[in-house]
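Trainee: I would like to learn how to read a structure like this one. Please take me through it feature by feature.

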Amino acid sequence: MVHRLLQQLIFFLLLIIIACHQTMEMTEMEKEKIIKDVRQTLDHYYEDIRTSGLTAEFKYLDHSPDFFWVPPGYSSSLSYDSIVAIVKQNAMKFKKVDNSFDTLQIIPLSKRLATYTGRLKSIMTDTSGQVMAFSLVETGVIIKRREMWRLLHGQTTIIK
């Protein structure tokens, strides 16, 4: 488990180093467009979850073997298949999930990669009508696959 986390951290750091080199080759207009596109993707991501439920998330996750995420309450990264299983299990428990960013910073690393970090609030209504509110911090890497940006790596943590 620790070995896998170390491998992922090394991969992530190498990715950032390579991408930072590529960032120098982008114009300010290209960087601004990437920031706009990533922000729009993240806004659509949360809007789709708000209107269609948690399983709307699948459209925004990268399906490659490189995908991993550390969800709230977990201390290690999970694969795409594990995230799908958890989301499907939780989707039945909530009739509404409303996530929105309080702050969001997007840093283009290359024409196909960007990092983002933000503080968000999540208001979840379960099937019995009980409402729960959380403050979260999320950091991730997002990758452009064909015509769409997708979440590749990241971590979401509840702020206490």
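Trainee: Which residue in S3 does Asp98 stand opposite?

Mentor: Asp98 stands opposite Ile123. Helices (H or I, at least four residues) and strands (E, at least two) are DSSP runs, numbered from the N terminus. Two strands pair if DSSP finds at least two bridges between them. Here S2 (residues 94–108) and S3 (residues 113–126) run antiparallel and are joined by 13 bridges. A hairpin of four residues links S2 to S3.

Trainee: What should I know about the model before going on?

Mentor: This is a predicted model, in which local features need pLDDT of at least 70 and side-chain atom pairs count only at pLDDT 80 or more, while totals for chains, interfaces and linings use all residues. Residues are numbered from 1 along each chain as its sequence is written, and side-chain values use heavy atoms, with hydrogens and water left out.

Trainee: How many helices and strands does the protein chain have, and in what pattern?

Mentor: The protein chain has three helices and five strands. Along the sequence the pattern reads α-α-β-α-β-β-β-β.

Trainee: How many bridges join S3 to S4?

Mentor: S3 and S4 are antiparallel, with 13 bridges between them. Thr115 stands opposite Val141 in S4. The hairpin of S3 and S4 has four residues between the strands, and Gly129 there takes a positive phi near 95°.

Trainee: In which sense do S4 and S5 pair, parallel or antiparallel?

Mentor: S4 and S5 pair in the antiparallel sense, over eleven bridges.

Trainee: Where is Arg146, and what is its phi?

Mentor: Arg146 is in the loop between S4 and S5. Its phi is positive, about 55°, although Arg146 is not a glycine. The hairpin of S4 and S5 has two residues between the strands.

Trainee: Why does Arg146 count as exposed?

Mentor: Buried means under 20% relative accessible area, exposed over 50%, and partly exposed in between (1.4 Å probe, protein chains only). Arg146 counts as exposed because its relative accessibility is 80%. Pro72, at 33%, therefore counts as partly exposed. Of the 160 residues in the protein chain, 42% are buried.

Trainee: Which residues is Pro72 in contact with, leaving aside neighbours within four places in sequence?

Mentor: Contact means heavy atoms within 4.5 Å. Pro72 is in contact with Leu136, Thr156 and Ile158, leaving aside those neighbours. Pro72 itself lies in the loop between strand S1 (68–70) and helix H3 (80–91). Pro72 and Val137 are 65 residues apart in sequence, yet their C-alpha atoms are 9.5 Å apart in space.

Trainee: How much space lies in the largest pocket?

Mentor: On a 1 Å grid over the protein atoms alone, a pocket is an open set of points where a 1.4 Å probe fits, with protein on both sides within 12 Å along at least five of seven lines; lining residues have an atom within 4 Å of a point. Grid points are joined across faces, edges and corners, and the volume is the space filled by probe spheres set on the points. The largest pocket holds about 620 Å³. Its lining has 26 residues, and the closest to its centre are Leu54, Glu57, Pro71, Pro72 and Met124.
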